Amino acid sequence: MVKMAADGEKQQGHRAGIFKQKNKVHKHGKHRTKGEIERENKGRVSVTALTKKQRKELRKMDRRHKANQLRRNKKDMILTEKRRLGSRDGPPHLVVVVSLHAGADAGAVTKLLRQDGSGGVVQQEGCISGVSDSFGLILPRFKLRFIFLSQSTADMHSLLDVAKIADSLVFVLDPAEGWDSYGEYCLSCLFAQGLPSHALVCQGVSDIPVKKRVESRRALSKIAEVRFPDARLFPLDSEQDATLLLRHLGSQRQRKLGFRSRRSHLIAQNVTFSPDGPAEGTDGGRTGLGTLCVSGYVRGHLLGVHRLVHISGHGDFQLSQIDAPSDPLPLNLTTPRAAKPGKIQEVDMQEGEVTEAPVRVLMKADPSVRESLQSEAEVDPMDGEQTWPTEAELLEAEEARKGKRTMKVPKGTSDYQATWIVDNEEEEQDLDEESSDDDDDDDCMMDEAMDKDDEENDSQEPDSSGILEDEEEEEEEEEEVCSTERAGADQRYDENMDQAGEEEGLKLYREARSHEMFPDEVDTPLDTSARIRFQRYRGLKSFRTSPWDPMENLPHDYSRIFQFQSFERTRRRILAEAAAEEEGALGGWYVTLHILNVPFSVMESVQSGKPLVVVSLLPHEQKMSVMHVLVQRHPSNTEPIKSKEELVFHCGFRRFRASPIFSQHTSADKHKMERFLRPDAPTVVSVYAPITFPPAGVLLFKQRKDGVQDLVATGSLLSCDPQRVVLKRIVLSGHPFKINRRSAVVRYMFFNREDIMWFKPVELRTKWGRRGHIKEALGTHGHMKCVFDNQLRSQDTVLMNLYKRVYPHWTYDPYVPSPSPWFKSEVTVDVEDLEME
């Protein structure tokens, strides 16, 4: 027995085999927690998960070191870019001096900076081609070089062009008033376009008594805080003040502008023109095309020879080659020298001799690689024409002709008579072809009807005035006496007034006021059927949810434009490729661009004293498409601006004229058209224009008949989307004639039975919020029975909304005439002369 017990202690426990039954674990419907997973794994971790965790999850100290390293790299990159500006490796610091008051003298500021006592050397007088009041300044003490340009505010185009590429703007203020009304107008344009780094300068502080200087400076600072809350005001009356201003300009923080930081650009410092043809004619090559050689410092990104370039105000062109002449404004040169066109003079500082170095060619364009100037898509006019039918199509047509066609005919009609009966579908097609109208016809008919009503009202006013004859004679005598006393002043005032413009403005004002009181309401014509007059319109069950195909019934102009499958994805890709490009002229190099097929008018513009700005375009930016701009009405302009009215656009580096349409800024797939530019809400402006990748500031101007351009709206570029659906709405109104519990008899909306049956599927609504539909027509004169969701009020109005898609007009014109001076167009009357007379 003892032996058996010892053997039993040595036996091992039972182990379950593979065929042992395993019951399913109860699923409680909850996910396992992290603790349950860790308990089941019992500390076991897979190799891949361990390495991934170590790679992603750093320790606290490692994360802190990584953040500090990224911050340090970004700071070093910003400091390097800041130190390059004006240094030996970067372009000279371009400073534009602008006077914001008629009493402030910008020329005196540049004269004082030219005579700076900090050891600066003036290298070039008139270094900007065509601009005499410009010079280059080298400061060996600060290791900086500047280019100063004094720009007049009378030429708004030149002011905006120069401000787009300026590194700093110096605003000259009046010590008493700061800036005048025209200076405020210029600031509005500059702020809307994008303002670079700036400084405020005031002259004449030394002439103010010492006891009043602090008070005067405080008052001027209070005025400047409205526009420039953080800007510093610099007095500029001595050479010491000029040195402080130069030190501030060289060390201040540079503000980046998105539309110029992504594109290479330069301002011309030397321009020559070589005509392509022989110059033996009488004009000497002044009317043809030629090669324009533009020399200047590259700013921004790399400048590639295969990219297209845009000359502001003149158009897009191609490059043939890029040369690299010697720098005319070297930082280590202390004696001035003059540069000749075509060759660069170099000064040997040791021997004092002037030698001419040949111009080195950087790169030449390959015609097979450089971008094309094609701006519109090629349209084949025969695409929509029918070709000669094939034999199979002829056989099918013959079989269809032999086959019998089922058609409902009156009882007793013979086969011969039935062949002369036309289907209803053919009649409708004929009506559509004969009665085709556009948006202008709608507006013209509305304008004519409103004009007739105004004329009738004007003609009825004298008859219904009820004035006695004696009172009329007394008033006539008083008017004669007043006219003899004020004849001279009134005559001078009337000579400066445009009577035709006043009448046109009154007509537009009345139309805008009528649209504000009765938005989109139109009258059904009596002499034309409504189903023919409004055949292009359709009703929508819901403006938000009802579908509208964006590719349906597109106009012919849509065959000329380009569109992207995804504009935002293309924009990100092109900007990334432009930032990573490695071939081209670096920023800060002094280069000469050979621009092909340039008209001589560009050279004439330079000779007249206007600056020349050249910008390198990104891919696809020369092609036409439908651009959308989000703008806000400028508070200084209160005149009504109608849709499809010609406006002047300043979009990025471009400016052009076009006739846009206005629409609401919403997130839906359909957008309601605005007949007038609203002053109280942002509006989307749609126009045919060259593609421009945002961000870019946009300014809208309206040109008067006297040539003055008024700022209408400011905003930014929104997108490029030809499939944006803009719907024009018209509202037909009717009056409830007889009202029952839930039904009513409505009249004055239509005037025949056929129109009522045509528009029967369209839903009705009232101004008091009732909804309903047409049930049946009563009689033949336009009365109809309508059913609503509740009883109507007798003073309510029944409305029907109809919609159609609208498109902008193709009136794109890249030529924009120079505006007339704004301050010369104001009509002023001498008050003293009126009092004396």
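1. Arg-538 is partly exposed, because its relative accessibility of 31% lies between the limits of 20% and 50%. The model is a predicted one, and every value in this note should be read accordingly.

2. The partner of Arg-538 is Glu-552: the two form a salt bridge in which the closest N and O atoms are 3.0 Å apart.

3. How many salt bridges does a search of the whole structure find? The search returns 30. In general terms, side chains of opposite charge can pair when their charged atoms come close. The points that follow take up some of the other cases.

4. Arg-770 and Asp-789 form a salt bridge, their closest N and O atoms being 3.3 Å apart. This pair links distant parts of the chain, 19 residues apart: Arg-770 lies in the loop between β30 (764-766) and β31 (771-778), and Asp-789 in the loop between β32 (783-788) and β33 (798-805). Arg-770 counts as partly exposed at 24% relative accessibility, and Asp-789 is partly exposed with a relative accessible area of 42%. Elsewhere, salt bridges that share partners join Asp-520, Lys-672, Arg-675 and Arg-729 into one network.

5. A further salt bridge brings together the side chains of Arg-771 and Glu-763, at 3.9 Å from N to O. Arg-771 has a relative accessible area of 45% and is partly exposed. Glu-763 is likewise partly exposed, at 24% relative accessibility.

6. Do the residues of helix α8 that are listed here as Ser-216, Leu-220 and Ala-224 count as buried or exposed? They are buried. These three cover an arc of only 70 degrees around the axis, which means that they lie on the same side of α8. The other side of the helix carries Lys-211, Val-214, Glu-215, Arg-218 and Lys-222, which are exposed. The buried residues of α8 pack against β6 (197-202) and β7 (233-235).

7. The length of α8 (residues 210-224) also agrees with expectation. At 1.5 Å a residue, its 15 residues should span 21 Å, and the C-alpha atoms at its ends are 22 Å apart, which agrees.

8. Pro-519 is placed in the loop between α17 (499-517) and β17 (521-522), and at 39% relative accessibility it counts as partly exposed. Which residues does Pro-519 contact, leaving aside its neighbours within four places in sequence? They are Arg-729 and Val-731. Pro-519 and Val-731 are 212 residues apart in sequence, yet their C-alpha atoms are 8.1 Å apart in space. Arg-729 is also one of the members of the salt-bridge network that includes Asp-520.

9. At the surface, Leu-526, Tyr-748 and Phe-751 form a nonpolar patch with about 340 Å² of accessible area together. Phe-751 counts as partly exposed, at 30% relative accessibility.

How values were computed. Residues are numbered from 1 along each chain as its sequence is written. This is a predicted model: local features need pLDDT of at least 70, side-chain atom pairs count only at pLDDT 80 or more; totals for chains, interfaces and linings use all residues. Side-chain values use heavy atoms; hydrogens and water are left out. Helices (H or I, at least four residues) and strands (E, at least two) are DSSP runs, numbered from the N terminus. The expected span of a helix is 1.5 Å times one less than its number of residues. Buried means under 20% relative accessible area, exposed over 50%, partly exposed in between (1.4 Å probe, protein chains only). The arc is that of the directions from the helix axis to the C-beta atoms. Contact means heavy atoms within 4.5 Å. A salt bridge is a side-chain nitrogen of Lys or Arg within 4 Å of a carboxyl oxygen of Asp or Glu. Patches are made of residues with over 30% relative accessible area and no salt bridge: like charges are joined within 9 Å, nonpolar side chains (Val, Leu, Ile, Met, Phe, Trp, Tyr) within 5 Å. Accessible areas come from the Shrake-Rupley method with a 1.4 Å probe; for residues, only the protein chains shown count as cover.
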